[in-house]
Amino acid sequence: MRNKFEEQLKELNNKLIEMGAVVEHSISTTVEALLKQDSGLADTVIEDERLSDAKEKEIETLCLKLLLHQQPVASDLRIISSALKMVTDMERIGDQARDIAEITKFLEGSNFIKKPEDIEKMAVETRKMLKESIDSFVNRDLDLATNVLKHDDVVDELFMKIRKDLIGLIRENPANGEQALDLLMIAKYFERIGDHAVNIAEWVIFMITGKHRSGEILYQYRKY
């Protein structure tokens, strides 16, 4: 019985990795679509979102099987409950990548009022945070999960810089307002993606330690 349970836990890990790969691809593709103003790439992100939804359902079904047909102990229950929370955040990341892609389609053919270099940096950082949060789950790595929490400051600082720059461009020329708001919304979605990566890391810390608190207090768990 326990051997079958361990096999299903490995399957759970593999499915989380697969879903993470889909969502990572969405992040990288959506920023590429923005930089190239390519609506075809944007459509790819929208398709990825449907795939991530399907992956979420697969993982939820597997978790329910583990709960109903096996006899998980407390540490197993933390793994399963954390996985259920994680897939919710990953699905929302896919939703936000889709939202960025939809805005990108409206921007196709427009001249950028400012090259979205900092938005590209946000995409790189949030993708890294997502990957590390999933890796921390698979490898039961507390230090890696804690590092994701700390890295959120980098994304927040980039967002504030973008916001300041775009406000400045609106003040210089009110005609910049419409595109500035679109770019600001895209940056906000990337900030939220970073927040979801933090949520995933927090659930990994809960899985390992049995404790779940605010991000600031979770930094203390490096001592374990």
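Is D165 buried, exposed or partly exposed, and what is its relative accessible area? The exercises below work through this and related points.

The model is predicted: local features need pLDDT of at least 70, side-chain atom pairs count only at pLDDT 80 or more, and totals for chains, interfaces and linings use all residues. Residues are numbered from 1 along each chain as its sequence is written, and side-chain values use heavy atoms, with hydrogens and water left out.

**Exercise 1.** Classify D165 and its salt-bridge partner by accessibility.

Solution. 
1. Buried means under 20% relative accessible area, exposed means over 50%, and partly exposed lies in between (1.4 Å probe, protein chains only).
2. D165 has a relative accessible area of 24%, so D165 is partly exposed.
3. The partner is K161, with the closest N and O atoms 3.1 Å apart. A salt bridge requires a side-chain nitrogen of Lys or Arg within 4 Å of a carboxyl oxygen of Asp or Glu.
4. K161 is at 40% relative accessibility and therefore also counts as partly exposed.
5. D165 and K161 are separated by about one helical turn because they are four residues apart in helix α5 (residues 142-172). Helices are DSSP runs (H or I, at least four residues), numbered from the N terminus.

**Exercise 2.** Describe the salt bridges D118–K121 and K131–D135.

Solution. 
1. In the pair D118 and K121, the closest N and O atoms are 3.7 Å apart.
2. Both residues lie in helix α4 (residues 117-139), three residues apart, or about one turn of the helix.
3. D118 is buried, at 9% relative accessible area, whereas K121 is partly exposed, at 47%.
4. For K131 and D135, the closest N and O atoms are 2.9 Å apart.
5. K131 and D135 are four residues apart in helix α4, so about one helical turn separates them.
6. K131 is partly exposed at 41%, and D135 is partly exposed at 24%.

**Exercise 3.** Identify the nonpolar surface patch and the helix that gives the most to it.

Solution. 
1. Patch residues have over 30% relative accessible area and no salt bridge; like charges are joined within 9 Å, and nonpolar side chains (Val, Leu, Ile, Met, Phe, Trp, Tyr) within 5 Å.
2. L64, L67, L68 and L77 form the patch, with about 370 Å² of accessible area together (Shrake-Rupley method, 1.4 Å probe; for residues, only the protein chains shown count as cover).
3. Helix α2 (residues 39-69) gives the most, with three residues.
4. L68 lies in helix α2 and counts as exposed, at 66% relative accessibility.

Methods:
Helix = DSSP H or I, 4+ residues; strand = E, 2+ residues; numbered from the N terminus.
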